[in-house]
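Open the model in a viewer and keep the selection panel at hand. The stops below are given in the order in which to select them.

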Amino acid sequence: MGVLEVEVDLDVPAGGCLALAGPSGAGKTSVLRVAAGLLHPAHGRAACDGQVWLDTTTGIDLAPESRRCGYVFQDYALFGHLSAWRNVAFGMRGKRAERHRRAHELLERFGLGDRADAAPRELSGGERQRVALARALAREPKALLLDEPLSALDARTRAAASRELSSVLAETEVPALLVTHDFAEAALLGDEVGVMDAGVVVQRGSASELAAAPASAFIADFTGAVVLTGIAHGNEDGLTVVALDGGGEVTSTDRGEGLLAVTIFPWEVELAHAGSRLEGSARNHLAVEVLSVTAVGNRVRVGLAAPQPLAAEVTEAAARELGLRAGARVEASFKATATRLVRV
Amino acid sequence: MSRSAWFPALLVLALALVLAFLGLPVAAIFLDTSPADLVGSLGEPEARDALLLSLRTTAASLALILVVGTPAAYLLATRSFRGKAVVVTLVELPLVLPPAVAGIALLASVGPGGILGPVTGDSLTLQTAGVVVALTFVASPFYIRQAQATFAALDRSWLDAARTLGASEAGAFARVAVPAALPGLAAGGALALGRALGEFGATLIFAGSFQGITQTVPLAIYDRFATDFDAALALAAVLVIVSGALLLGVKLVGRSAAFAGA
């Protein structure tokens with residue numbers, strides 16, 4: 001049995017949503033469980049709305065039922081022996097008729113008025129997610145904790161569910177802490193994103209801040225950027241030239257010296273026929289080989305060997321005109337200003 | 001017959017053998033007993049006493065098993081602690097003990113000369129309460145094993161969810177764990193019920209066989225077997241019907257409880 005070391009210090013303002021993103025095993029769920037009182041850390045402090053929930057220095061450790069937090073579990077954890085409305089009414093107090101009325105009201109708000117009597121197993125994934133959310137909100141929580149609220153859904157349902165969830169999160173006035181392994185999801189649902197790796201939050205900021213200025217190659221990779229490693233040195237124009245491992249050179253407007261990683265987003269990379277050097281402002285040109293061509297929605301993601309792995313995103317029409325297929329040789333270009341230098 | 005049909009045929013044959021082997025003796029009881037004998041046997045006071053005693057002691061024993069066994073099984077299923085394997089083995093031990101050994105063990109522990117003899121005196125031996133003790137001893141492992149397995153199979157996040165929704169640990173047990181596990185608990189209860197209703201050896205040794213006090217139906221059947229085989233057969237038929245009806249009833253309760261619905 002391994003001991004998980006998680007060292008985080010997070011605060012979420014009322015009405016705000018902090019999305020903790022990171023690979024599995026980073027300790028994201030542990031943070032939620034500690035906040036909810038389902039996990040008891042050796043050292044820690046948790047407080048909400050002026051009330052201390054946990055303080056290992058003073059021995060305060062409120063039971064989960066005394067913490068008033070709405071928790072949406074990864075697989076929703078709907079009680080299989082109870083109908084949708086009884087699930088929602090579970091945490092409510094008061095007379096049965098009153099709980100029945102309020103549960104139905106909540107379900108109505110989530111567009112599930114006609115599914116109130118259904119058993120969880122009769123509900124679709126999206127419906128289950130909404131029941132779980134309604135159940136978590138039913139107790140008028142002081143904080144909302146969401147563990148991978150969309151990961152149990154298929155790709156088609158996920159888009160609609162995430163829009164809906166983001167509007168619910170925007171409406172609620174309580175702080176929300178959300179955990180996801182998907183950066184795009186974190187960017188969509190969180191006002192702020194904290195990237196977690198190996199038990200620590202390695203960077204926190206708005207999603208665009210993280211994408212534009214990742215603090216490390218790991219974060220850049222996590223945000224979807226391409227990461228190329230090499231040795232950097234400054235040149236006489238005040239630019240940085242990175243000699244890539246495996247060959248090739250990249251010029252960047254960021255400053256840096258020594259072993260570094262160059263990051264660039266795939267949509268900043270332009271492709272052209274090999275040898276037909278683009279006349280333009282792009283400072284970087286790499287002769288690359290196409291490894292794979294994958295359609296992603298209305299775009300095409302092109303895997304490249306530069307010789308380090310690189311990726312470009314182009315339109316379908318562009319891919320057709322360039323005759324992109326595995327084995328084809330093309331030229332990849334991008335501006336020095338589009339690159340970021342980060343520590344490896 | 002196609003090339004691959006031999007295996008399904010084999011399966012059907014195996015099931016047919018099982019049914020014949022298990023079903024024939026039960027069927028024979030009824031084929032050998034006329035309905036008149038059956039009704040007649042119920043008219044005898046000995047038989048009525050035995051049947052009433054069996055029902056009373058089995059019900060009392062089942063109540064004890066459910067009330068104490070359910071939380072005990074929940075603890076075994078949801079907590080890990082040092083020596084748990086030993087505890088589980090101890091709980092299961094009566095399953096493999098010969099009933100006669102169980103009876104001796106009860107005498108040695110709660111009999112007048114047993115370890116707890118100064119406390120229990122002769123309040124149990126040769127008393128109806130002793131029958132309940134014997135039934136509980138042999139039948140409870142059947143329930144606890146099944147209940148433990150059912151609780152262990154529950155989604156633990158349900159219990160966590162109940163806690164975050166304001167339920168105490170006891171509340172999560174009462175409002176989520178038990179209702180969600182009800183079909184499995186009912187199945188375990190049916191097993192224990194069947195075992196208690198058919199209990200013979202431990203009861204005979206620990207409580208004796210006195211009509212109206214400790215003579216349950218199996219003991220009454222054995223009592224008559226030597227002298228009046230037909231009467232024994234008729235009583236056996238009654239026991240089969242009662243056991244079958246109870247088993248069916250418990251299964252139906254378990255099924256209807258699986259989902260509390262609206």
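**Stop 1: the nonpolar core**

Select A:V88, A:L145, A:A332, B:A134 and B:L235, the residues with the most contacts inside the largest nonpolar core, which has 168 residues. Such a core is a set of buried Ala, Val, Leu, Ile, Met, Phe, Trp, Tyr and Cys residues joined through C-beta atoms within 7 Å; buried means that 20 or more other C-beta atoms, placed from the backbone, lie within 10 Å of the residue's own. Next select helix α9 of chain B (residues 169–197), which gives the core its largest share, 15 residues. Domain 1 (17–212) and domain 2 (225–342) of chain A both contribute residues, so the core lies between them.

This is a predicted model: local features need pLDDT of at least 70 and side-chain atom pairs pLDDT 80 or more, while totals for chains, interfaces and linings use all residues. Residues are numbered from 1 along each chain as its sequence is written, and chains are lettered from A and ligands numbered from 1 in the order in which they are written.

**Stop 2: around B:A134**

Beyond its neighbours within four places in sequence, B:A134 is in contact (C-beta atoms, placed from the backbone, within 7 Å) with residues including B:G103, B:L106, B:E199 and B:F206.

**Stop 3: the two domains of chain A**

Colour the domains of chain A, whose bounds come from an automatic or database domain assignment. The C-alpha centres of domain 1 and domain 2 of chain A are 39 Å apart.

**Stop 4: the contact between chains**

Select the 21 residues of chain A and 19 residues of chain B that form the contact.

Technical notes
Contact = placed C-beta atoms within 7 Å. Buried ≥ 20, exposed ≤ 12 C-beta atoms within 10 Å, placed from the backbone. Helix = DSSP H or I, 4+ residues; strand = E, 2+ residues; numbered from the N terminus.
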